[in-house]
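Colleague: Could you walk me through reading the features of a model like this one? I'd like the general idea and then the case at hand.

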Amino acid sequence: MSALPSASATFDTVVVGGGAAGLVAARAEVLAGRSVALLDAADELGGALARASVADVEVDVGAESFAVRGTAVSTLIRSLGLTQVEPSPEGAWLLRDGRAHPLPSAGVLGIPGFPLADDVRAIIGTRAAVRAYADRLIPELTIGREHDLARLVRRRMGVAVLDDLVRPVVESVYGLRPEDADVDALLPGLNGALTATGSLSSAVLRLRSAAPAGSAVAGVDGGIHLIARALLADLQRFGVEVRPSSAVSSVDHAPGGWRIRTADDVIDAARLVIATDGSTARSLLRPILGDAVGIESEWPAGRRSTTITLAVDGVDALDSAPRGSGVLVAGAEDGSATALTHSSAKWPWLRDVLPPGRHLLRVSFRGEDEVPVDLAVQEAGRLLGVTIPAASVVDAARTVWRQDAARATRGLPARLAALSSAVAATPALAITGAWVAGTGLASVVAHAQSEVARLGAAPTD
Ligand SMILES: Cc1cc2nc3c(=O)[nH]c(=O)nc-3n(C[C@H](O)[C@H](O)[C@H](O)COP(=O)(O)OP(=O)(O)OC[C@H]3O[C@@H](n4cnc5c(N)ncnc54)[C@H](O)[C@@H]3O)c2cc1C
């Protein structure tokens with residue numbers, strides 16, 4: 001047997017994957033006094049905290065906001081010297097059967113708190129709203145918990161609430177069919193509030209009253225991508241070895257810790273943090289953990305989507321933000337847009353940096369087929385109820401996304417709990433990232449910090 005090649009470098013910690021999770025983990029490690037290398041497959045770090053230059057303005061083409069529950073993201077933003085901003089107060093709209101309506105204001109993930117409210121009736125009609133109100137009269141669940149979100153909503157509020165309100169929101173935010181969504185993972189506390197209050201609508205109101213006042217999401221002055229840029233600047237300042245275009249192909253146990261391989265390098269480390277997407281992480285972990293936790297077994301498929309960001313000039317009808325911050329589409333057909341964000345209406349900082357009369361629109365499609373810009377322009381016009389001439393588009397950027405199955409997919413929370421236990425039982429190993437933490441920055445940042453804290457002082461201190 002040939003001897004192991006010697007490592008070209010040795011660090012206290014290697015972090016694999018430089019999206020939000022890996023950047024946050026690397027910063028925590030270097031601030032704890034460790035030597036750190038951060039390896040990412042892409043030529044620009046940041047993962048879904050992505051940017052593109054559209055008509056000479058750097059804009060978010062991935063995440064553009066964060067949920068304000070918890071304090072992890074706000075604290076991080078402040079510590080990076082960035083400024084947290086609120087979106088404009090106009091909410092989002094829903095397009096159903098060609099008609100647009102403001103999304104009901106008092107709801108959670110589309111589940112209405114006031115089923116008979118005008119904004120609910122406008123979308124599902126009075127008869128369906130009365131059916132939804134029957135939720136207040138149906139005896140509460142007393143035995144067991146309901147895990148299937150679709151069943152829970154359909155049983156308590158009827159099929160119209162499920163299909164016309166809940167489905168578009170859950171599919172757009174989590175890429176998840178309500179039939180596949182685990183209630184406890186998606187809305188922790190909902191089952192408990194349902195038991196305590198006796199109805200789904202009251203449970204939703206209770207969850208809302210427990211949330212902080214004001215908007216449920218916030219942004220960063222200049223864009224969410226600045227979080228990645230500022231984290232990277234910190235890492236470089238603190239002496240972290242940051243290596244873009246360095247896809248890790250394998251990780252193995254080695255004397256003193258871990259051996260990490262890329263196509264053209266071998267690195268040793270005492271501690272290893274895997275912060276890639278789920279399918280990469282599972283293939284790296286397989287030789288270490290085996291199938292003890294079902295890592296080899298089929299994993300639910302993730303989702304692919306394409307976003308086209310358009311810079312549009314001189315369409316006066318956009319100045320009044322005709323669909324508020326954007327539009328979700330109920331029952332979007334294949335090949336048509338599923339959602340639109342009117343970014344320059346949603347974010348005052350963005351409106352201020354654009355020349356007068358310019359708007360930024362982000363149009364989302366399912367899948368990763370080549371979406372012609374003309375189709376995105378046409379769909380933007382349809383969703384906004386405005387004519388957008390092709391000649392008014394001054395620039396466009398296309399981004400393709402592959403996201404893992406949401407952590408809240410039914411069956412996954414138990415598998416992920418078993419996987420996390422197996423990882424915790426493996427010395428000097430941590431895994432983090434949206435596939436284990438849950439979708440969204442609020443979950444990802446808090447999880448990355450707590451995973452690194454769990455590794456604690458051992459073994460290098
Ligand atoms: C279009 C879009 C919009 C979103 N909008 C929002 C939003 O508004 N608000 C919100 O809170 N969340 C939003 N999210 C979700 C949020 O952005 C993600 O949950 C979060 O950024 C994920 O971070 P991560 O580090 O787990 O993964 P990622 O950002 O996916 O990072 C994983 C990294 O691993 C690297 N990698 C992969 N394989 C390897 C390998 N073999 N070796 C080394 N590196 C590797 C990748 O290059 C990548 O940089 C959005 C996501 C998308 C895609």
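Here we go through the overall fold and then the ring contacts.

Modeller: This is a predicted model, where local features need pLDDT of at least 70, side-chain atom pairs count only at pLDDT 80 or more, and totals for chains, interfaces and linings use all residues. Residues are numbered from 1 along each chain as its sequence is written, and side-chain values use heavy atoms, with hydrogens and water left out.

Colleague: How many helices and strands does the chain have?

Modeller: Helices (H or I, at least four residues) and strands (E, at least two) are DSSP runs, numbered from the N terminus. The chain has 17 helices and 21 strands.

Colleague: What share of the residues is buried?

Modeller: Buried means under 20% relative accessible area, exposed over 50%, partly exposed in between (1.4 Å probe, protein chains only). Here 54% of the 461 residues are buried.

Colleague: How many aromatic pairs are there?

Modeller: Rings of Phe, Tyr and Trp (its six-membered ring) pair with centres within 6.5 Å; planes under 30 degrees apart are stacked, over 60 edge-to-face, the rest tilted. This structure has 1. Tryptophan 299 and tryptophan 435 have ring centres 6.0 Å apart and planes at 70°, so they are edge-to-face. The pair links distant parts of the chain, 136 residues apart: tryptophan 299 lies in the loop between helix H11 (278-289) and strand S16 (303-313), tryptophan 435 in helix H16 (residues 434-437). Both tryptophan 299 and tryptophan 435 are buried.

Colleague: Which ring does the charged end of arginine 323 sit over?

Modeller: The criterion is NZ of Lys or CZ of Arg within 6 Å of the ring centre and within 35 degrees of the ring normal. For arginine 323, that ring belongs to tryptophan 93, with the centre 5.1 Å away.
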